[in-house]
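Work through the exercises below with the sequence and the model open. Try each task before reading its solution.

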Amino acid sequence: MPDIDPLADLGVRQGPDGPTLRVFSSSAERLEVVIDDAPHDRVVPLTRDEHDVWSATDGALTPGRRYWLRVDGAERPTLLDPYARGLGRTGRGEHRATVVDESFDWGGVDKPRTPLDRVVVYEAHVRGLTRLAPFVPDELRGTYAGLAADTTIAYLKGLGVTAVQLLPVHQHVDEQRLVAQGIENYWGYNTLSFFAPHAAYASRDAQLAGASAVVREFKGMVRLLHEAGIEVWLDVVYNHTAEEGEDGGPVTSLRGLDAGAYYRHDAEGRPVDVTGCGNSLDTSHPAAHRLVMDSLRYWATEMQIDGFRFDLAATLGRDAGHVFDPEHPLLHDIVSDPALAGVKMVAEPWDVGAGGWQTGGFPDGWIEWNDRFRNRARDFWLTDVATARAQGTPPTGVGSFASKLSGSSNVFSHDRGPLAGLNFVTAHDGFTLLDLVSHDAKHNLSNGEQNRDGTDDNRSFNHGVEGQSDNPWISDARRRSMRNLLGTLFVSSGVPMLTAGDERGRTQRGNNNGYCTDSELTWVDWATQPWQQGVLDDVSTLARIRRENPALRPTRFGLDGACTLSANDITWADASGAEMRPDEWEDPGVRTLQYVARSTPEHETPNTVLVLVHGAESTAAVTLARAEGVAGWEPLWSSDDSAELRPLEPGDDVLVSAPTVVIFRAVS
């Protein structure tokens, strides 16, 4: 006989004997479900089995019914079922678990299953993306339905986006500290339920109709995006919950049911917090492990989600001794579970605990946010240039930058390859792209923490004036730096991620920690000035160039170790067109680099590209590199928007007058 999983089918399940509720708790002495059975609440005792799973079957647990749990007879607090598919609100504003009608017509629409090398990720906030969008009906702005509006989808398709990665959409609440200050957690990294979609992102009609309608609107969004060939990824927060710290924190679900099973504690029973949020989920315990896996399976199958980005993912890989283990069973199960086959799994590979920075340390099958790419790209185009302007010489050469262009082989193992890294220049956390080139320091006073919050390690450059400037020379320099950063993002090996609004020059006026601001400051501004249209056109062009040239998106590292630094078949050259000498890689005076990349031919027609990078404000004479079988170089894009783009031949000389990226395609 097959083994029976004792933790299977938790939550409310509709079965042949009627609806059954199953809840895990090893610490409870008595467990009851209270069912909203108007005009009176009805209390039903749950029965415990030998595996500490409590259950009750009751015909009232039908779609639309609200219910809550009571442990050991306590009237307060009432607890949420951790597996509730929907949440509703009482007249007093309290959340209650709600049984959901999960039926939905997917219309035969399949997941896009975009090959990883063709993925272009667009990180967005459900509310912030369309809250100000004039092309979305008023009643749908800032909602799931608004994100799936025809006009929104057309915009995303025009950009070349293949996957929308949504900031947390699990039901979340504001931290007690923020409530006391009269502000809110806009980003949503404070999860109340790992199964229920955040109701406030649904349209008003859906909210009024109840939890089942909210779920249907979410599924409708996914279906419409899938019809357009766009994947939906979720930013998920399994490292901690909204129950905050044990000293005065709210008790809403897991802590009241079984704090010892679900949360990390040391040998003396004291909380272990490696997230900085007051608690950390203990994924070394079977119940917490199972909770994460069941939630992922639900969203990947019932909600048809295509990918997950795991916030503070190092926490999920900590063992019973709270040490990160790349062989952790949960990390293995997430990328090997048959129900999750083909789903993209992306780690934010760090947390705030000891040994928490783990970029490059996750096992095969995982994609990781490449913070080293972010840092080096910013340094090369911004802080190096600022240092050279102030001191005459930048601090480093091109070697580290080249390794990031070619897939970060010094970070990710040869077997994992360049697609193990998700490259980004900006994200929701930090400066926007425009602010990155307009501010030397953060300006977070509006957050109410005396400018102490948010990172000070911005690696930004204001180009001479802090904040907005009407000086045309400064404006031109900033926009060129933006184009250089965008060009670097799209030509680099790995998976590129663009932050919503960067393609339009969105600003937060120097605030690099907009987590607590739900306003025009953090929403995408859809008013378009001519220069913003130029940035938008650049992003669309770069995405198209990447799509059409497989040499820019290799799937594996090359075999020629130290000289290539990377992927596919790459030849590196200096400004003279000669092969880079070993001493040039770390020479701070060398700021010009060329590389010729040939694609692997397994799945597409092979092609060759030449990328020219000049990272100094001084003029450089460059002799275009030669390559076997290449008769000419066709220019595809330049970050110098005043440059005359014309066909050239290997060996031709060109002048580059400022920091620049130029992309060429080979003509045979």
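The exercises cover confidence, pockets, cavities, a helix and a strand.

This is a predicted model, in which local features need pLDDT of at least 70 and side-chain atom pairs count only at pLDDT 80 or more, while totals for chains, interfaces and linings use all residues. Residues are numbered from 1 along each chain as its sequence is written, and side-chain values use heavy atoms, with hydrogens and water left out.

**Exercise 1. Find where confidence is lowest and highest in the protein chain.**

Solution. Start with the scale: pLDDT is the predictor's confidence in each residue, from 0 to 100. The protein chain averages 95, and 97% of the residues score at least 70. The lowest mean, 37, belongs to helix α15 (residues 561–564), and the highest, 99, to strand β12 (residues 231–236). Helices here are DSSP runs of H or I with at least four residues, strands are runs of E with at least two, and both are numbered from the N terminus. Next, take residues 561–567, where pLDDT stays under 50. The model has 25 contacts beyond four places in sequence for this stretch, a contact being heavy atoms within 4.5 Å. Where pLDDT is low, the predicted coordinates should not be read in detail.

**Exercise 2. Describe the largest pocket by volume and lining.**

Solution. On a 1 Å grid over the protein atoms alone, a pocket is an open set of points with protein on both sides within 12 Å along at least five of seven lines; a cavity is a set where a 1.4 Å probe fits but cannot get out; lining residues have an atom within 4 Å of a point. Grid points are joined across faces, edges and corners, and a volume is the space filled by probe spheres set on the points.

The largest pocket holds about 1100 Å³. Its lining has 39 residues, with W187, L312, E348, D429 and N513 nearest the centre. Helix α10 (residues 371–391) gives the largest share, three residues. By class, the lining has 13 nonpolar, 15 polar and eleven charged residues. Here Ala, Val, Leu, Ile, Met, Phe, Trp, Tyr, Cys and Pro count as nonpolar, Asp, Glu, Lys and Arg as charged, and the others, Gly among them, as polar.

**Exercise 3. Which helix gives the most to the lining of the second largest pocket?**

Solution. This pocket has a volume of about 660 Å³. Of its 26 lining residues, L434, Q468, G505, T507 and W531 lie nearest the centre. At least two residues each come from α12 (433–436), α13 (472–491) and α14 (530–548). The most, three residues, come from α13.

**Exercise 4. Characterise the largest cavity.**

Solution. The structure has six cavities of 30 Å³ or more. Nearest its centre, among 15 lining residues, are H125, H428, A500, R506 and T522. β10 (121–124) and α1 (126–130) are the elements that give two or more residues to this lining.

**Exercise 5. Why is helix α7 (residues 254–262) largely enclosed?**

Solution. Count the buried residues (under 20% relative accessible area, 1.4 Å probe, protein chains only). Seven of the nine residues of α7 are buried, so the helix is largely enclosed by the rest of the structure. They are L254, R255, L257, D258, A259, A261 and Y262. Their cover includes β2 (18–24), β3 (31–37), β7 (66–71) and α8 (286–302).

Key: Buried < 20%, exposed > 50% of the residue type's maximum accessible area, 1.4 Å probe, protein only.
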